[in-house]
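Please keep the sequence and the structure at hand while reading.

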Amino acid sequence: MGKLPDYNKNILCIGAGYVGGPTMAVLADKCPDYRVTVVDINAEKIAAWNSDELPIYEPGLTDVVKRTRGRNLFFSTDIAGGIKSCDIIFVSVNTPTKTYGEGAGMAADLQFWEKTAREILTYAESDKIVIEKSTLPVRTAQAMERILHSRDNGLSFEVLSNPEFLAEGSAIRDLENPDRVLIGSRDTERARHARDILVDIYARWVPRERIITLGIWSSELSKLASNAFLAQRISSINAISALCEKTEADVTEVARAIGLDSRIGPKFLNASIGFGGSCFKKDILNLVYIYRMYGLEECADYWEAVVKINEYQKRRFLLNMLKAMFNTLAGKRICLFGFAFKAHTSDIRESPAITIARGLVAERAQVVITDPQALKNAKWELAEEISRNEVTLVYDPYEAANGCDAIALMTEWPLYRELDYREIYQSMRKPAFIFDGRNLLDHRELKEIGFQVYPLGKPPLTTDGGFKP
Ligand SMILES: NC(=O)c1ccc[n+]([C@@H]2O[C@H](COP(=O)([O-])OP(=O)(O)OC[C@H]3O[C@@H](n4cnc5c(N)ncnc54)[C@H](O)[C@@H]3O)[C@@H](O)[C@H]2O)c1
């Protein structure tokens with residue numbers, strides 16, 4: 001039996017994004033005896049992590065960062081220094097969909113991840129545990145191991161898979177109280193030793209029975225499979241919503257009826273304009289790509305349909321708006337309530353609101369966007385449309401809706417339920433339409449006020465017998 005490496009208690013996380021920042025803040029909070037450093041190539045982002053205005057919005061994040069930053073949590077751009085001084089290294093860089101070459105539009109772009117692996121190899125001076133936190137194609141750890149062991153430097157690198165399951169908008173709650181933590185490893189003595197160190201770290205705050213140790217390939221694949229299952233539920237209920245609109249069934253009633261089956265359960269059954277966020281689409285497309293690589297075409301088609309239904313749902317929503325508003329949107333002012341891909345986050349990556357906004361602009365509508373947290377990102381995403389005066393951003397929802405022909409609710413921010421819709425109705429052009437892309441609002445009340453109300457997956461409530469989908 002060889003001597004097992006002695007790892008120091010310095011943790012490094014490479015990548016200070018939506019995952020790296022909150023994950024390490026909670027880890028530092030729960031493990032005061034570890035010194036945690038988060039590094040990134042993006043100096044602006046690191047400066048923001050070191051300031052009072054953090055680069056991302058997450059409920060509860062500021063408090064955790066305030067408690068830990070400068071104590072045992074540090075943000076830095078010194079990647080080489082971090083690699084030298086820390087023996088436990090999380091890799092949490094972005095793994096977006098490839099936009100070029102073989103697999104463009106489907107496969108994961110692993111260039112950031114590979115650069116990290118090579119940097120670890122270049123700067124390492126002691127044995128390391130390297131932990132895959134990013135979501136990666138199954139069997140990526142093998143490539144990581146090959147890179148790390150490509151130089152005969154006498155050092156040992158143990159690669160573990162520890163995918164992250166946090167949901168944006170509830171990241172801190174999810175990190176503090178996860179359903180489960182996966183730690184995938186090889187079945188060697190050194191790998192088990194490394195795995196046990198990571199298990200002990202999580203065991204500071206996660207009950208042991210929720211820390212699942214498993215094979216490294218299973219761990220990698222479980223993350224892709226989880227996201228595919230979650231997104232599949234959304235596409236399933238959205239596909240049902242389309243049929244509800246044709247048959248006067250009510251998708252909320254149907255979802256409740258389905259969800260009461262304990263085998264199915266009630267979560268993730270809200271019909272909507274579709275899923276967004278940086279992960280679901282890219283992870284499913286990556287899964288589809290991997291299936292095709294192995295020649296498993298039927299399975300690839302099955303999962304690809306989840307993404308296709310999502311795109312269809314957005315198109316359908318837009319088409320319903322067009323038909324309801326007399327088949328022309330040209331010159332009409334349409335207000336989008338919400339731009340974030342979901343409530344309680346400033347993240348707009350893959351937000352359905354982007355597709356809807358661009359679709360409305362293509363119909364020559366004037367788009368006004370309001371959102372309590374995401375306007376900074378919207379300004380960046382829609383810079384061209386804004387410069388052409390096709391889109392305006394307005395923080396106050398009352399001001400945003402003023403003079404508009406329609407409101408389309410994109411994000412389920414609770415504040416949109418609390419607004420005074422009588423006042424809003426007064427300020428809008430008539431007939432005033434509401435398209436509720438999240439079924440968040442009180443549709444009956446809106447109809448009483450005078451709105452033409454188009455919920456999703458339910459019969460419209462119109463005062464004048466208008467268009468039925
Ligand atoms: N966002 C989520 O909700 C979520 C949830 C679970 C898993 N994931 C996965 O976690 C990973 C990270 O996602 P994210 O949302 O935090 O991405 P992100 O884009 O917010 O952050 C990634 C960070 O990595 C940095 N980076 C890239 N290359 C680097 C390098 N060579 N050295 C140092 N820093 C580098 C980038 O500058 C960026 O700040 C992805 O694989 C994603 O699929 C994300």
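Helix 1 and helix 3 pass each other in a left-handed crossing, a crossing being left-handed if the near helix is turned anticlockwise from the far one by less than a right angle, and right-handed if clockwise. The model is predicted: local features need pLDDT of at least 70, side-chain atom pairs count only at pLDDT 80 or more, and totals for chains, interfaces and linings use all residues. Residues are numbered from 1 along each chain as its sequence is written. Helices (H or I, at least four residues) and strands (E, at least two) are DSSP runs, numbered from the N terminus.

**Helix 1 and helix 3**

- The axes of helix 1 (residues 20-30) and helix 3 (residues 61-68) come within 9 Å and cross at roughly 50 degrees; axes are lines fitted to C-alpha atoms, for helices over the stretch in contact, and angles run from 0 to 180 degrees between N-to-C directions.
- Helix 1 and helix 3 are therefore oblique to each other; angles under 35 degrees count as roughly parallel, over 145 as roughly antiparallel, 65 to 115 as roughly perpendicular and the rest as oblique.
- On helix 1, Pro22, Ala25, Val26, Ala28 and Asp29 meet Leu61, Val64, Val65, Arg67 and Thr68 of helix 3, where contact requires C-beta atoms, placed from the backbone, to lie within 7 Å.
- Seven nonpolar, one polar and two charged residues make up this contact of helix 1 with helix 3; Ala, Val, Leu, Ile, Met, Phe, Trp, Tyr, Cys and Pro count as nonpolar, Asp, Glu, Lys and Arg as charged, and the others, Gly among them, as polar.

**Helix 12 and its helix partners**

- The axes of helix 9 (residues 216-247) and helix 12 come within 9 Å and cross at roughly 45 degrees.
- That angle makes helix 9 oblique to helix 12, and their crossing is left-handed.
- Ala228, Ala231, Gln232, Ser235, Asn238, Ala239 and Ala242 in helix 9 meet Trp303, Val306, Ile309, Asn310, Gln313 and Arg316 in helix 12.
- By class, the contact of helix 9 with helix 12 has seven nonpolar, five polar and one charged residues.
- With helix 13 (residues 352-362), helix 12 (residues 297-324) has an axis approach within 10 Å and a crossing angle of roughly 40 degrees.
- That makes helix 12 oblique to helix 13, and helix 12 passes helix 13 in a right-handed crossing.
- Lys314, Phe317 and Leu318 of helix 12 meet Pro352, Thr355, Ile356 and Gly359 of helix 13.
- The contact of helix 12 with helix 13 has four nonpolar, two polar and one charged residues.

- Six strands form an open sheet with parallel pairing, in the order 11-10-9-12-13-14; two strands pair if DSSP finds at least two bridges between them.
- Strand 11 (391-393) and strand 14 (452-454) are at the edges with a single partner strand each, so one side of each has no neighbour in the sheet.
- Neighbouring strands of this sheet are turned by 20 degrees against each other on average, direction ignored.
- Strand 13 (residues 433-436) pairs with strand 14 in the parallel sense over three bridges, and isoleucine 434 stands opposite valine 453 in strand 14.
- Helix 12 lies across strand 12 (406-409), strand 13 and strand 14, and runs at about 160 degrees to strand 14.

**Ligand surroundings**

- The ligand is surrounded by 27 residues, of which the closest are Gly15, Gly17, Val19, Ser134 and Thr135; a residue is near a molecule or strand if its C-beta atom, placed from the backbone, lies within 6 Å of it.
- Helix 5 (residues 111-123) gives the most to this shell, with three residues.
- By class, the shell has eleven nonpolar, eleven polar and five charged residues.

**Backbone details**

- Most residues other than glycine have a negative phi, and most peptide bonds are trans.
- Lysine 430 and proline 431 are joined by a cis peptide bond, with omega about -5 degrees; proline 431 is in the loop between helix 17 (421-427) and strand 13.
- Phenylalanine 268, not a glycine, has a positive phi of about 60 degrees and is found in the loop between helix 10 (251-259) and helix 11 (280-293).

Definitions and conventions:
Contact = placed C-beta atoms within 7 Å.
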